[in-house]
Amino acid sequence: MDKQRRAVVKGLAAASFTALTACGGSSTDTPVADPAPAPGIVGDDTASQPAVAFNHGVASGDPLADRVILWTRVTPTDELPRTVSSIPVRVTVALDRDMRDVVGQFSTSTGPERDFCIKLDAAGLQPDTWYYYQFAAGNQRSPVGRTRTFPGAGMAVERARFAVVSCSNYAYGLFSVYKAVSEQADLDFILHLGDYIYEYGPGEYGDFPGRDPLPAHEITSLADYRERHAQYKTDTNLQAVHQQFPMICIWDDHESANDSYRDGAENHTEATEGAWTQRRSDAIQAYFEWLPIREVTSDSGRIWRDFAFGNLIDLFMLDTRLEGRDQPVSSPADPERFSAERRLVSEDQMNWLLAGLTSSSARWRMIGQQVMFAELNVLRTLDVARTLGLDDSFGFNGQLLSLNMDQWDGYVADREVILRTLAAEAIDNTVIFTGDIHTSWANEVYADSGNLLENTLVSPLAAEFVTPSVTSPGFPEQVADLAALAVRTVNPHMKYVELKTPGFILVDVTTERTQAEFYYVRSIRERDLQGVIDPAMTKVVGVDSGSSRIYQDRALSEPRAIRTALFHPPVRPPVRTPPVRTAVS
């Protein structure tokens with residue numbers, strides 16, 4: 001047994017996996033240090049175990065240097081599955097995809113109180129290491145998943161590669177983008193910036209054939225949110241992404257309701273849909289059950305958290321949606337948006353972010369968050385749009401105005417606190433990643449974006465890259481190109497704007513630069529084009545270390561040299577054995 005494997009086994013034997021339940025609850029599970037029973041068998045008595053299926057794949061997330069969250073959902077296949085009070089499950093962790101070089105096996109259980117989901121915080125792992133994992137219940141085994149731990153804070157790291165995605169509306173089209181992401185051979189993780197699910201009913205926001213949302217109405221209850229998450233997790237392209245890479249995720253508004261904030265949402269009416277506090281709580285519970293996210297037991301519902309990727313990246317994930325946000329104003333002309341009392345994030349979250357940015361010694365400080373940070377001069381943009389011939393027949397004005405006030409532009413004081421800190425503390429190499437608006441942007445962030453003369457003489461304080469959507473629509477085809485021209489004309493700090501095409505960002509980070517490569521798929525409507533990238537549309541932008549000025553059109557980054565099957569297993573269905581049908585008392 002080599003030295004590394006001895007250390008892994010020792011660490012796993014000493015650690016425990018914690019089964020995380022929704023909204024902060026937890027129960028402690030027992031590590032199994034003795035030899036395991038035959039693969040797929042849980043305990044010694046399988047006759048009493050219900051027949052199950054792993055219909056929703058496997059997933060991992062929130063990797064740290066010594067642990068990672070492992071997730072699956074066990075679906076009872078008996079006639080009355082919710083009469084099952086508890087299903088025991090075994091988790092195997094190995095260093096190889098064939099699950100022969102086993103370094104740990106652990107027991108846990110699940111039941112209806114957590115919608116039969118399982119989340120294990122796999123502690124005691126070695127840093128900067130790829131692992132493979134598999135769940136088993138009765139004689140059924142899940143697919144094999146692949147995950148990794150991060151290099152420890154301060155560990156010397158020369159490179160990281162990850163994909164950034166957001167806004168995946170099941171009813172609007174095929175998850176072609178997820179397929180393209182899953183076929184990248186050498187990513188370290190996936191950054192999902194929200195709108196993982198959408199709350200609307202059939203025909204309300206997308207009507208792609210065969211992809212009507214379930215349940216067949218707008219989701220408002222815990223059972224509704226659970227069923228919608230379950231439907232999304234049956235998509236094979238989404239399953240493939242989760243199977244290949246760990247995910248770091250945050251929610252945006254559609255995981256609860258459109259344009260949500262702390263005390264309500266645009267798409268919530270208390271008179272007919274009940275109390276917002278209950279709907280919000282149900283949405284959060286289902287999210288924590290169905291996503292591989294680590295819960296903060298001392299602060300139920302908290303998703304703002306940070307990650308270190310060696311000495312290369314400190315990553316801060318924000319909640320600009322449910323935790324501290326005041327209700328948006330309705331117009332850029334409303335002076336209330338400048339009020340020092342208005343909050344997009346709470347004081348606690350703001351203090352945490354500022355302390356993290358100030359104390360970080362990593363080469364790059366990165367922020368993952370929901371809504372666009374850079375200032376957009378929306379009124380002048382609309383004036384220029386009109387001179388270009390864009391009237392409001394396609395709802396252009398209304399769409400741009402509503403988006404803008406949902407963003408940091410509607411909460412100017414909070415943004416200025418961050419900008420003042422970056423300037424006063426001379427914090428460089430800050431890169432912001434954003435989702436939400438279904439479009440692509442590369443923005444330089446200045447203390448005063450409207451001061452065009454000054455901005456030619458000073459360096460930006462940060463850079464922002466906004467990822468396109470997985471499926472959700474951008475601007476109408478008829479206006480998208482002229483709208484992008486109007487934006488760039490009035491807002492020269494916005495160096496790249498593409499307003500209509502689904503895709504993702506592949507981010508390649510070295511000590512010298514952070515490069516964002518925008519990839520777009522050919523179609524989200526044609527099944528035979530799923531995962532096919534349009535190379536003619538690929539766009540390269542980035543920033544060099546020590547400067548937040550955005551460069552454009554350099555060469556694409558080269559994938560890592562090591563791309564063998566050992567490190568990039570094919571997505572394959574699990575090995576199926578006939579289920580054992582048993583009566584449930």
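Let me begin with a term: a surface patch here is made of residues with over 30% relative accessible area and no salt bridge, and nonpolar side chains are joined within 5 Å. The model before you is a predicted one.

By that definition, Leu388, Leu482 and Leu485 make up a nonpolar patch on the surface. Together, these three leucines have about 200 Å² of accessible area. Consider Leu482, which lies in helix H12, spanning residues 477–490. Its relative accessibility is 33%, and Leu482 is therefore classed as partly exposed, since that class falls between under 20% for buried and over 50% for exposed.

I turn now to the chain as a whole. Its secondary structure comprises twelve helices and 29 strands. The chain has 585 residues, of which 60% count as buried. Its accessible surface amounts to about 21600 Å², with 51% belonging to carbon and sulfur atoms. As for contacts between residues at least 6 apart in sequence, 75% of them join residues at least 24 apart.

My last topic is helix H7. This helix covers residues 347–359, 13 residues in total, and runs 18 Å from its first C-alpha to its last. That span is close to the 18 Å expected at 1.5 Å a residue. Which residues of H7 are buried? They are Gln349, Met350, Trp352, Leu353, Leu354, Gly356 and Leu357.

Thank you for your attention.

Key
Residues are numbered from 1 along each chain as its sequence is written. This is a predicted model: local features need pLDDT of at least 70, side-chain atom pairs count only at pLDDT 80 or more; totals for chains, interfaces and linings use all residues. Side-chain values use heavy atoms; hydrogens and water are left out. Patches are made of residues with over 30% relative accessible area and no salt bridge: like charges are joined within 9 Å, nonpolar side chains (Val, Leu, Ile, Met, Phe, Trp, Tyr) within 5 Å. Accessible areas come from the Shrake-Rupley method with a 1.4 Å probe; for residues, only the protein chains shown count as cover. A salt bridge is a side-chain nitrogen of Lys or Arg within 4 Å of a carboxyl oxygen of Asp or Glu. Helices (H or I, at least four residues) and strands (E, at least two) are DSSP runs, numbered from the N terminus. Buried means under 20% relative accessible area, exposed over 50%, partly exposed in between (1.4 Å probe, protein chains only). The expected span of a helix is 1.5 Å times one less than its number of residues. Contact means heavy atoms within 4.5 Å.
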